[in-house]
Amino acid sequence: MAVAAVACILLVLVVLPVARMDPYTRQTIDLTGSAGNGGRLFRLNCAGCHGLAAQGLVGPNLHGVDRRKSDRQLIEQVVSGRTPPMPRFQPDPQAMADLLAFLHTLP
């Protein structure tokens, strides 16, 4: 009985969110990113609003953002442009994986 309950909880917490992911997000999360490449991408596309050190300017401070948001939520934020003045930005999945790897390096 307890095993069935644990299986149901795992299904709800792990399997269903992954199944609902769009193909872009799923592909991005399956890749291994390069923090170095992600840092270059960040400096070219994000630093104007978030600061060269991701300390926040027009956009928020991104230090510790990976502790506040999941990778799926970070991808959604970047590609949706849902929070003005953030523009929509959808790099190819490898570049997005690189950007995530960079965000994970921020203290």
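I looked up confidence by element first. Helices here are DSSP runs (H or I, at least four residues), numbered from the N terminus. Where pLDDT is low, the predicted coordinates should not be read in detail.

I noted the ground rules. This is a predicted model, in which local features need pLDDT of at least 70, side-chain atom pairs count only at pLDDT 80 or more, and totals for chains, interfaces and linings use all residues. Residues are numbered from 1 along each chain as its sequence is written, and side-chain values use heavy atoms, with hydrogens and water left out.

Next I checked α6 against α7. Helix α6 (residues 71-80) packs on helix α7 (residues 93-105) at about 120°, with axes 11 Å apart. Axes are lines fitted to C-alpha atoms over the stretch in contact, and angles run from 0 to 180 degrees between N-to-C directions. Asp71, Leu74, Ile75 and Val78 of α6 meet Met96, Leu99, Leu100, Leu103 and His104 of α7 (contact: heavy atoms within 4.5 Å).

Then I turned to the largest nonpolar core, which has 18 residues. Such a core joins buried nonpolar residues (under 20% relative accessible area, 1.4 Å probe, protein chains only) through side-chain atoms within 4.5 Å. α7 gives the most to this core, six residues. I also looked up Leu103: its contacts beyond four places in sequence are Leu62, Val65, Asp66 and Leu74.

Terms used
Helices (H or I, at least four residues) and strands (E, at least two) are DSSP runs, numbered from the N terminus. Buried means under 20% relative accessible area, exposed over 50%, partly exposed in between (1.4 Å probe, protein chains only).
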